[in-house]
Amino acid sequence: MHVRSGDNVLVIAGRERGKTGQITRVFPKEERVIVSGVNLVKRHLKARPGVAQAGIIEKEAPLHASNVMILCPSCNKPTRIGHRVYEEAGTKRKERVCKRCGEVIPVNRNVG
Ligand SMILES: [Zn+2]
């Protein structure tokens, strides 16, 4: 999968095309992601133990990962991702780079 939690993405296909948001969860097996504020569905929840809020609530439904494109934090454009290998203390590591501007796309480790 080309995106991960914490990435800001643009939806490029489907009903929510054109919207942007941050990825809050990824489901690698299904190749799906949840983008905050995008693809909201209404859920009717009955009050019972374990349900924090009952009634009709809106929550995000997963989107297919192929329908989102990462937004580069450096050039602010939707882009494809390249990988660059570099060495740190003798071990090879990979980092993600923007295919448009070549800048590194950092991983936001505070989310997900
Ligand atoms: Zn860029």
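User: What pattern does the protein chain follow when read along the sequence?

Analyst: This is a predicted model. The secondary structure of its protein chain comes to zero helices and 10 strands. Read along the sequence, the pattern is therefore β-β-β-β-β-β-β-β-β-β.

User: Is the protein chain more spread out or less spread out than a compact globule?

Analyst: The C-alpha trace spans about 55 × 30 × 25 Å along its principal axes. For 112 residues the globule rule gives 13 Å, and the radius of gyration is well over that at 17 Å, so the protein chain is more spread out.

User: What percentage of the residues of the protein chain count as buried?

Analyst: A residue is buried if 20 or more other C-beta atoms lie within 10 Å of its own. Of the 112 residues of the protein chain, the share that counts as buried is 17%.

User: In what order do the strands of the open sheet stand?

Analyst: Six strands form this open sheet, and their pairing is antiparallel. Strand 6 (63-64) and strand 8 (78-79) are the edge strands, each pairing on one side only. The order is 6-3-2-1-7-8.

User: Which residue of strand 3 is the bridge partner of Ile23?

Analyst: Strand 2 (residues 20-27) pairs with strand 3 (residues 32-35) in the antiparallel sense, over four bridges. In strand 3, the partner of Ile23 is Val35.

User: Which residue of strand 7 is the bridge partner of Val11?

Analyst: Strand 1 (residues 8-11) and strand 7 (residues 68-71) run antiparallel and are joined by three bridges. In strand 7, the bridge partner of Val11 is Val68.

User: Which residue in the turn between strand 7 and strand 8 has a positive phi?

Analyst: Two bridges join strand 7 to strand 8, and the two run antiparallel. Across this pair, Ile70 stands opposite Thr79 in strand 8. The two strands form a hairpin with six residues between them. The turn residue with a positive phi, about 60 degrees, is Asn76.

User: How many residues of strand 5 are buried?

Analyst: Strand 5 covers residues 55-60, six residues in total, and is hardly covered. Its count of buried residues is zero.

User: What share of the contacts with a separation of 6 or more comes from residues 24 or more positions apart?

Analyst: Two residues are in contact if their C-beta atoms lie within 7 Å. Among contacts in the protein chain with a separation of 6 or more, residues 24 or more positions apart account for 48%.

Notes:
Residues numbered from 1 in each chain as written. Predicted model: local features only at pLDDT ≥ 70, side-chain atom pairs only at ≥ 80, totals over all residues. Buried ≥ 20, exposed ≤ 12 C-beta atoms within 10 Å, placed from the backbone. Pairing = 2+ DSSP bridges. Rg over C-alpha atoms; globule rule 2.2 N^0.38 Å.
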